[in-house]
Amino acid sequence: MKFNTKTIHGNQEHDKAYGSVMPPIYQTTTYAQTTPGGHKGYEYSRSGNPTRTALENSFASIENGTYGLAFGSGMAAIDAVMKLLKPGDEVISTNDLYGGSYRLFTKIFQDFGVKFHFVGMENPAHIESYLNKSTKLIWVETPSNPMMNIIDIKAVSVIAKKHNILFAVDNTFATPYLQQPLDLGADIVMHSATKYLGGHSDVVMGGLVVKAKDLADKLYFIQNASGAVCGPQDSFLVLRGIKTLHIRMQRHCENGKAVAEYLNQHPKIEKVYWPGFENHPNHDIAKSQMKDFGGMVSFTTKGNNYEEAISIIEKLKIFTLAESLGGVESLAGHPASMTHASIPKDEREKTGVVDSLIRLSVGIEDEEDLIADLKQAIG
Ligand SMILES: Cc1ncc(COP(=O)(O)O)c(C=O)c1O
């Protein structure tokens with residue numbers, strides 16, 4: 001199956017009871033047994049639920065993996081990966097990553113004895129100097145949130161394989177429509193399915209996809225033992241979202257390009273961060289590992305003026321000022337005070353998250369309306 005077909009049919013089967021085309025929402029915690037252990041594959045919904053299974057199978061299909069796991073949020077999915085580690089283990093992570101991931105690493109797992117190195121990986125060779133015998137995981141976000149840095153997944157995977165280290169990619173921004181990290185050598189793909197996979201800003205959910213059975217078994221154990229699972233109703237909604245992922249992403253990319261190009265020529269705008277520009281530092285890698293450049297665009301205003309950035313955001317009418325991204329509607333955010341507020345100011349400014357930075361999640365409305373909205377807000 002090709003990708004667009006997989007979003008709709010990948011690893012799916014019609015319901016055995018009545019042939020319903022969409023899986024029923026099995027709103028149940030438990031399953032009748034004829035004798036202890038005499039069940040039809042499901043015992044208790046933390047361990048497994050048929051609607052969640054349908055979604056997990058879809059996750060595996062669209063990411064070209066073998067095993068999918070769904071969680072109650074993206075953070076719960078990352079938490080499960082971190083629980084593969086032991087005190088004394090070390091992680092090398094991109095230095096420009098979602099603030100919540102940084103918070104989980106530094107405020108929770110660091111206290112459990114895991115050591116983190118936050119490294120600029122635009123040149124993957126930088127990773128080598130942080131490697132030692134304790135390094136157990138490389139964690140990468142690409143494109144990164146919110147600076148749109150691009151990391152060469154294949155090059156990092158070569159380093160990870162050489163040193164026998166697990167390699168995980170947060171694929172939330174790109175989605176498998178644009179890039180499939182397992183095919184490029186990653187061991188684990190992670191999603192905040194809250195974003196593009198769900199696609200309608202109505203579900204909080206996370207996902208993991210892997211190929212190796214031993215790794216899948218460990219993660220299924222953690223999923224059940226720690227219990228951060230999602231419910232059947234939410235599983236159904238994300239499954240429904242995935243069925244239109246390809247057409248939504250196509251429009252997100254078209255609109256993202258139009259918005260990035262509009263901002264780039266605007267005299268009041270200092271810098272636009274979007275991997276589709278030829279002068280983006282890793283444009284060639286983006287071009288080779290992604291099908292298109294996505295719908296996320298960040299920019300700063302001339303003079304790096306905090307008040308001006310806030311005033312632009314407040315004037316926007318079609319772009320809604322809100323946390324999150326990846327829904328059909330366009331959103332604007334101020335990373336320094338919103339998504340990345342949990343990263344200390346000097347740390348975040350080192351990576352470019354300055355006070356005038358505005359992040360846009362460009363939705364699938366009419367391009368002309370989006371440009372007109374930016375025009376009236378920026379002036
Ligand atoms: C790149 C990225 N990873 C992970 C997360 C966390 O996902 P969730 O909010 O579903 O827990 C987010 C949320 O914004 C994100 O943008």
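I count a polar contact as a pair of N or O atoms within 3.5 Å; within protein, one must be able to donate a hydrogen and the other to accept it, and residues adjacent in sequence count only if both atoms are side-chain atoms.

Ground rules: my model is predicted, so local features need pLDDT of at least 70 and side-chain atom pairs count only at pLDDT 80 or more, while totals for chains, interfaces and linings use all residues. I number residues from 1 along each chain as its sequence is written, and side-chain values use heavy atoms, with hydrogens and water left out.

I began with Ser192, where a polar side-chain atom lies 2.8 Å from an oxygen atom of the ligand. At Asp170, I found an N or O atom of the side chain 2.7 Å from a ligand nitrogen atom. Met75 uses its backbone: a polar atom there is 2.9 Å from a ligand oxygen atom. I then looked up the cover, and the protein hides 91% of the 390 Å² of accessible area that the ligand has on its own (Shrake-Rupley method, 1.4 Å probe).

**The shell.** I see 14 residues around the ligand (a heavy atom within 4 Å). Gly74, Asp170, Ser192, Thr194 and Lys195 come nearest.

**A helix pair.** Next I followed H3 to helix H4 (residues 99-109): their axes come within 11 Å and cross at roughly 40° (lines fitted to C-alpha atoms over the stretch in contact, with angles from 0 to 180 degrees between N-to-C directions).

How values were computed. Helix = DSSP H or I, 4+ residues; strand = E, 2+ residues; numbered from the N terminus.
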